[in-house]
Amino acid sequence: MEFSPELQSSSAEGVLTWAVQAFHPRMALVTSFAAEGVVIIDMLSRIRAGVRVLTLDTGRLCPETYDVMEAIRERYGMPIEVLFPRAEAVEAMTREEGVNLFYHSVEGRKRCCAVRKVEPLDRALGGLDAWITGLRRGQATTRTDVQKVEIDSHHGGIVKLNPLADWTWDQVWDYIRAHDVPYNTLHDRGYPSIGCAPCTRAVAPGEDIRAGRWWWEQDPVAKECGLHPAGHRG
Ligand code: SF4
């Protein structure tokens with residue numbers, strides 16, 4: 001599938017409007033309710049009611065993440081589809097390697113992300129033609145080539161939409177403040193990127209925005225959970 005250069009340079013709202021016309025209802029936003037995700041939810045609420053919103057509950061999320069999930073649900077009156085990992089896979093993993101296996105090795109961390117995040121996402125995307133994410137090029141060195149519209153060969157060739165691909169962190173916050181969008185209060189406490197509680201910590205002013213994720217690991221390329229593998233974009 002070819003996407004026009006005009007689409008790739010469209011505004012975030014323009015990309016979402018095109019996507020709703022092209023794919024609804026076989027499309028969903030997948031979000032962790034970080035700042036980018038709540039911006040997209042607000043935009044979608046203005047474009048069309050009923051676009052599906054999915055989130056992955058790994059079982060290790062921060063309490064503040066559940067709080068913003070509820071705030072969004074109340075503000076926009078939208079159902080949120082919460083995806084859980086397979087219980088038997090979590091039980092086998094924790095029996096074999098412990099509940100905090102991510103601290104023991106990169107392999108253990110990747111296994112935990114695979115069980116708690118990647119498999120539930122793969123399952124959810126199986127029935128869709130397109131999915132929307134909050135990826136931005138400025139989030140990480142592994143994301144500098146993110147396009148607004150991509151073919152996701154890692155998920156069966158469905159369309160992956162990253163409407164905020166060219167947004168800056170400041171633009172995200174300008175939008176949140178201008179539209180009074182509910183957001184995760186951990187952002188006010190030095191968390192630019194929010195993942196699972198045991199694997200995320202605050203960063204110092206000026207530090208890389210992903211520095212608080214799996215902070216004990218040194219390799220920035222390895223510091224992805226597998227939801228957005230690089231090198232698969234068509
Ligand atoms: Fe497990 Fe940490 Fe990955 Fe969450 S971020 S799934 S706790 S390794």
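The model is a predicted one. Two cavities of 30 Å³ or more are counted in it, and the ligand sits in the second largest cavity. Arg213 belongs to the lining of the largest cavity and also to that of the second largest cavity.

**Largest cavity**

- The largest cavity holds about 620 Å³ of space.
- Its lining comprises 35 residues, and those nearest the centre are Ser32, Ile194, Arg213, Leu227 and His228.
- Several secondary-structure elements contribute at least two residues each to this lining, namely helix H3 (35-47), strand E2 (52-56), helix H4 (63-76) and helix H6 (106-125).
- Sorted by class, the lining of the largest cavity consists of 16 nonpolar, 12 polar and seven charged residues.

**Second largest cavity**

- The volume of the second largest cavity is about 110 Å³.
- Its lining includes the cysteines Cys112, Cys113, Cys196 and Cys199, together with Phe102, Pro198 and Trp214.
- Arg60, Arg109, Arg116, Lys117 and Arg213 also line the second largest cavity.
- By class, this lining has seven nonpolar and five charged residues, and no polar residues.

**Ligand surroundings**

- The ligand is located in the second largest cavity.
- The residues around the ligand are Phe102, Arg109, Cys112, Cys113, Arg116, Lys117, Cys196, Cys199 and Trp214.
- This shell divides into six nonpolar and three charged residues, with no polar residue.

**Arg213**

- Arg213 is found in the segment after helix H7 (169-178).
- Arg213 has a relative accessibility of 7% and is therefore classed as buried, the cut-off being under 20%.
- The side chain of Arg213 forms a polar contact with the side chain of Ser193, at 2.7 Å.
- Gly195 is 18 residues from Arg213 along the chain, and the C-alpha atoms of the two residues are 7.1 Å apart.

**Thr133**

- Thr133 is situated in the loop between strand E4 (130-132) and strand E5 (149-152).
- Because its relative accessible area is 2%, Thr133 counts as buried.
- A polar atom of the Thr133 side chain lies 3.1 Å from the backbone nitrogen of Leu135.

Technical notes. Residues are numbered from 1 along each chain as its sequence is written. This is a predicted model: local features need pLDDT of at least 70, side-chain atom pairs count only at pLDDT 80 or more; totals for chains, interfaces and linings use all residues. Side-chain values use heavy atoms; hydrogens and water are left out. On a 1 Å grid over the protein atoms alone, a cavity is a set of points where a 1.4 Å probe fits but cannot get out, and a pocket is an open set with protein on both sides within 12 Å along at least five of seven lines; lining residues have an atom within 4 Å of a point. Grid points are joined across faces, edges and corners, and a volume is the space filled by probe spheres set on the points. Helices (H or I, at least four residues) and strands (E, at least two) are DSSP runs, numbered from the N terminus. Ala, Val, Leu, Ile, Met, Phe, Trp, Tyr, Cys and Pro count as nonpolar, Asp, Glu, Lys and Arg as charged, and the others, Gly among them, as polar. A residue is near a molecule or strand if one of its heavy atoms lies within 4 Å of it. A molecule sits in a cavity or pocket if more than half of its atoms lie within 2 Å of its grid points. Buried means under 20% relative accessible area, exposed over 50%, partly exposed in between (1.4 Å probe, protein chains only). A polar contact is a pair of N or O atoms within 3.5 Å; within protein, one must be able to donate a hydrogen and the other to accept it, and residues adjacent in sequence count only if both atoms are side-chain atoms.
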